[in-house]
Amino acid sequence: MDNRSILSTVENLLNSEKLSFKRSKSKDFVFFEKIQVGEDCSIKVFTDFISIFVTLRLPNETKEMKNILYKFKWIYKGLNYISKNVENSKLFEITLYPFKMGIFIDLFKLLCDSFQREVSPFLLGIVKDDPEGFFLKQYNEWKSIPPEEQAQFFEHVLEVKETYFRGTKTLRGIISKLNRLKIEFAHIYESSHQSEQPNYDEFYLIDFAALFRAMELKLIKFTLDKFFEGFSLER
């Protein structure tokens, strides 16, 4: 099977499973990334083999993955894998050499059944762009809120800021903490029973809380006077 056939097989399967992905090409391989399996998933397609990368965080999922790969290893000796710890998660690198279409389809469908999940709204909020652009967007969103509505949750935003961002000192540190909170919150949400969901109101305010902290430290270019222009807090 040549590279074009492998690419067609991979892309058709991703589409049939209704998975979003980003495709790019280098000199040696074609890369499918940001696939919604586990915490993160990507596939590298070479001339006659592929490598699948899946990151899992929950212990029960890593155990399930090991069981799946152990069984497939017995079926197809060309399957090999390694795993390593990365930021409180386990990264699995699975190689099919040489590529076998039937094995790949059966394996990847099982991975989808076991680990596929919708993208959490909190993970969609992960900050990947430049911090100043993100904070400017948050500033504009805050300014678009009517003053009476701002007053309703202003103090709560300050409480969230103190709770989660008190120890941060730099823009990079604030963004890093913000992203980590969103990832942690997404995992809490996913692992909680639907009838026992905790109250997550404060997590809807963490973007504003991060903005307040950045402004408090004077790390962004607009001043508090400009930020609170036209804003009055009724007591």
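With what handedness does helix 1 pass helix 3? The crossing is right-handed, a label used when the near helix is turned clockwise from the far one by less than a right angle, with anticlockwise giving left-handed. The structure is a predicted model, so local features need pLDDT of at least 70 and side-chain atom pairs count only at pLDDT 80 or more, while totals for chains, interfaces and linings use all residues. Residues are numbered from 1 along each chain as its sequence is written, and side-chain values use heavy atoms, with hydrogens and water left out.

Overall, the chain holds nine helices and six strands; these are DSSP runs numbered from the N terminus (H or I of at least four residues for helices, E of at least two for strands). Of the 235 residues, 40% are buried, meaning under 20% relative accessible area, with exposed over 50% and partly exposed in between (1.4 Å probe, protein chains only). Take the contacts (heavy atoms within 4.5 Å) between residues at least 6 apart in sequence: 61% of them join residues at least 24 apart.

Back to the helices. Helix 1 (residues 3-16) packs on helix 3 (residues 101-115) at about 25 degrees, and their axes lie 11 Å apart. Axes here are lines fitted to C-alpha atoms, for helices over the stretch in contact, and angles between N-to-C directions run from 0 to 180 degrees. The pair is therefore roughly parallel (under 35 degrees; over 145 is roughly antiparallel, 65 to 115 roughly perpendicular, the rest oblique). On the helix 1 side sit Thr9, Val10, Leu13 and Leu14, which meet Met101, Phe104, Ile105, Phe108 and Lys109 of helix 3. By class, that contact has seven nonpolar residues, one polar and one charged, where Ala, Val, Leu, Ile, Met, Phe, Trp, Tyr, Cys and Pro count as nonpolar, Asp, Glu, Lys and Arg as charged, and the others, Gly among them, as polar.

Helix 3 also packs with helix 2 (residues 59-75), at about 165 degrees and with axes 11 Å apart. Helix 2 and helix 3 are therefore roughly antiparallel, and their crossing is right-handed. Helix 2 brings residues including Met65, Ile68, Leu69 and Phe72 to this contact, and helix 3 brings, among them, Ile103, Leu107, Leu110 and Leu111. The class tally is 10 nonpolar, one polar and three charged.

In strand 6 (residues 89-96) sits Leu91, which counts as buried because its relative accessibility is 19%. Leaving aside residues up to four places away in sequence, Leu91 touches Phe53, Val54, Thr55, Ile82, Ser83, Lys84 and Val86. The C-alpha atoms of Leu91 and Gly38 are 10.0 Å apart, across 53 residues of chain.
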